[in-house]
Structure formats: structure tokens, C-alpha cells
Amino acid sequence: MEFKHYSVLLEETIENLNIKPDGIYVDGTLGGGGHASEVANRLSNKGRLIGIDQDADAIRAAGERLKPYGDRITIIRSNYANMKEELHAIGVEHVDGIVLDLGVSSFQLDTPERGFTYREADAPLDMRMDDRQTLTAKDIVNNYSEMDLYRIIRDYGEDKFAKNIAKHIVAERQKKSIETTGELTEIIRASIPMKVQATGGHPAKRTFQAIRIELNKELEVLQNNLDEMIELLNPGGRICIITFHSLEDRIVKTNFKKNENPCTCPSDFPVCVCGNVSKGIVVTRKPILPSEKELEENSRSKSAKLRVFERR
């Protein structure tokens, strides 16, 4: 199956990177290479693009797509959480730009055996971004306590029926192990009133999202590595992050604001004495959203938000 991923907010991201032809850039969520190929296309022979992804299918697809750019491209199979170590291992200390597209690819959603989609009845409950990881969605569904299931569905899925969904999952798994996406979807359906299902979109969407975020530690990885990625930037370098979830967006917004103004002194102090120095400026006071044209072409982009920070 062809690796498909519509590169969300592509033009806006490339424009905001302020690409220098001789610069070094990192795509920390390489995917099918959509953003990366547009960056590489603007680089001279002295420029360099480093693509990082933990998904083996993405690595293969991006490798093919980026072949024409030859030595300008370095592809690394890893999580962007390891960006600093991976870059230092190949002799790169600082870069001129970083891109993160935190969305799930169309390939991942549309390949049943990956277990990301609630639209397939017989797919295994997997949802791993990196198949070298042993823990799967099946393990979470069958082994997490009712309280922990409630917590992740409430917090990561923002589902108001989280308590009932968690209760139904625990009740059903006492009868038999929950093995497939279809089995989980039916349990979720039984947990949500029919009148809500009629108007609220697919009932399983939020729970599947929550389990995927928990399994792949998506929010933790983002939260724990933003400061380090900003430190990797050269002066004038930019980091562009595309989020698809309110919690992701909040993490990015808060972090960028903190890095712009890290002062912890009380507001009535006449001068700063804490010693915290600004690392740059927030370029996007409000997030950049998809255009009407993009929304027509790709409905999956409707929750996308782009935020940009520039190192000083």
C-alpha cells in the first residue's frame, strides 16, 4: 500500500521556516516526506535536511521520495525525543529550522493492520507508531485499571462519557479479552446514548485518540523536548509545529510563551533579578489555520494549528 499523507499547512510551514539555501533543517516527524521534500527543494548543494521518524513504513516511503536530493538528505529512524543525541552523533550541533507535524498519517489511519482506525471491524488493537515497541493498544485496553482508562479517555480524548466507557471496557474484558478495533468500537457504542451518537460524529473517535496518545506518550514527548529543540536552533532559526489536539496546542503555546518571556520575578519588581534570559520570540501570536481550499481538499486538516518560534 502506498504511504499517503496530505502535508497539512504545507505552504504556510515552508514560508515560516525562512529557509536559507545553505542551512541545516530537521523534519522531526518525517512521515511520507511531504514537508521535507519542499524544504530540500529549496536547499543548495551545501544545505542539508535531516529527517527523523520512528515509523518503518514512513522511513521507506520518505527514502524513495527524497532520493532525488542525494547527499542533501540524511534519514534517521528514531523518535524526535532523541533529536539532540541523533544530531550530535552525525556531527550536527545546531540547525536553522525544525518542523514537527504531529498528525497521524493517512497511511497509518487507512492501513487496518496498524490498528489506528475505528472504521475497521477485524483489525488488531495495535496503534504503535514504532513497531519495535512491545506495548500495544490491546495491552492498555485489557490491563489498565478502570480509573486509568477513565483518566486517559477524559484527559486525552476529552470525552464526557469517559467514566461510562471505562466501566464498560472493564466489564467486557472480564468476559473475554478485547482483541480487535471492532470489539472495542462496539463497547464504546454501548456506552454512549444513541441521541448523542446521532449528532456527535463517530462515537469511538475520542477513545481511540486517547489510547493512541497514551500508548505513544505523545504529549510527554512533546512537553519534555520543546526546550531542547529550541536550544538546537541557531540565532534566527525557527521551529514550526503543527498540532491536531487542544492539549498539544496548549503545550506548544505555553512553552513558546515561556521561552520568549522566562522571567519569574514578581510583576511589581522594577528590574529583573531572576536571571532568566529570553531565547527568542513567538512569531505566531495566534495559530495559523488551514485555508478554506485546504479544508475542502483534506477534511482531516480541520483541527490543525501551526505555531512558530524564532531563536534569538
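This is a predicted model: local features need pLDDT of at least 70, side-chain atom pairs count only at pLDDT 80 or more; totals for chains, interfaces and linings use all residues.
Visitor: Where should I start with helix α8, and how far apart should its ends be?

Guide: Helix α8 covers residues 162-173, and at 1.5 Å a residue its 12 residues should span 16 Å. The end C-alpha atoms of α8 are 17 Å apart, which agrees with that expectation.

Visitor: Which residues of α8 are buried?

Guide: The buried ones are Ala 162, Ile 165, Ala 166, Ile 169, Val 170 and Arg 173. Seen down the axis of α8, these buried residues fall within an arc of 130°, so they line one face of the helix.

Visitor: Why would residues that are separated along a helix point the same way?

Guide: An α-helix has 3.6 residues a turn, so residues three or four places apart point the same way.

Visitor: What covers the buried residues of α8?

Guide: The cover includes α6 (137-143), α7 (146-155), α9 (181-189) and α11 (205-216).

Visitor: Turning to the sheet, in what order do its strands lie?

Guide: Seven strands form an open sheet, in the order β3-β2-β1-β4-β5-β7-β6, and the pairing is mixed. The edge strands, each of which pairs on one side only, are β3 (73-77) and β6 (280-282). From one strand to the next, the twist averages 15°.

Visitor: Which helices pack on this sheet, and which strands do they touch?

Guide: Helix α1 (residues 10-17) packs on the sheet and touches β1 (24-27), β4, β5 and β7, while its direction makes about 165° with that of β5. Helix α3 (residues 56-65) also packs on the sheet, where α3 touches β2 (48-53) and β3, and its direction makes about 170° with that of β3.

Visitor: How many residues of strand β5 are buried?

Guide: Eight of the 11 residues of β5 (residues 233-243) are buried, so this strand is largely enclosed by the rest of the structure.

Definitions and conventions: Residues are numbered from 1 along each chain as its sequence is written. Side-chain values use heavy atoms; hydrogens and water are left out. Helices (H or I, at least four residues) and strands (E, at least two) are DSSP runs, numbered from the N terminus. The expected span of a helix is 1.5 Å times one less than its number of residues. Buried means under 20% relative accessible area, exposed over 50%, partly exposed in between (1.4 Å probe, protein chains only). The arc is that of the directions from the helix axis to the C-beta atoms. Contact means heavy atoms within 4.5 Å. Two strands pair if DSSP finds at least two bridges between them. Axes are lines fitted to C-alpha atoms, for helices over the stretch in contact, and angles run from 0 to 180 degrees between N-to-C directions.
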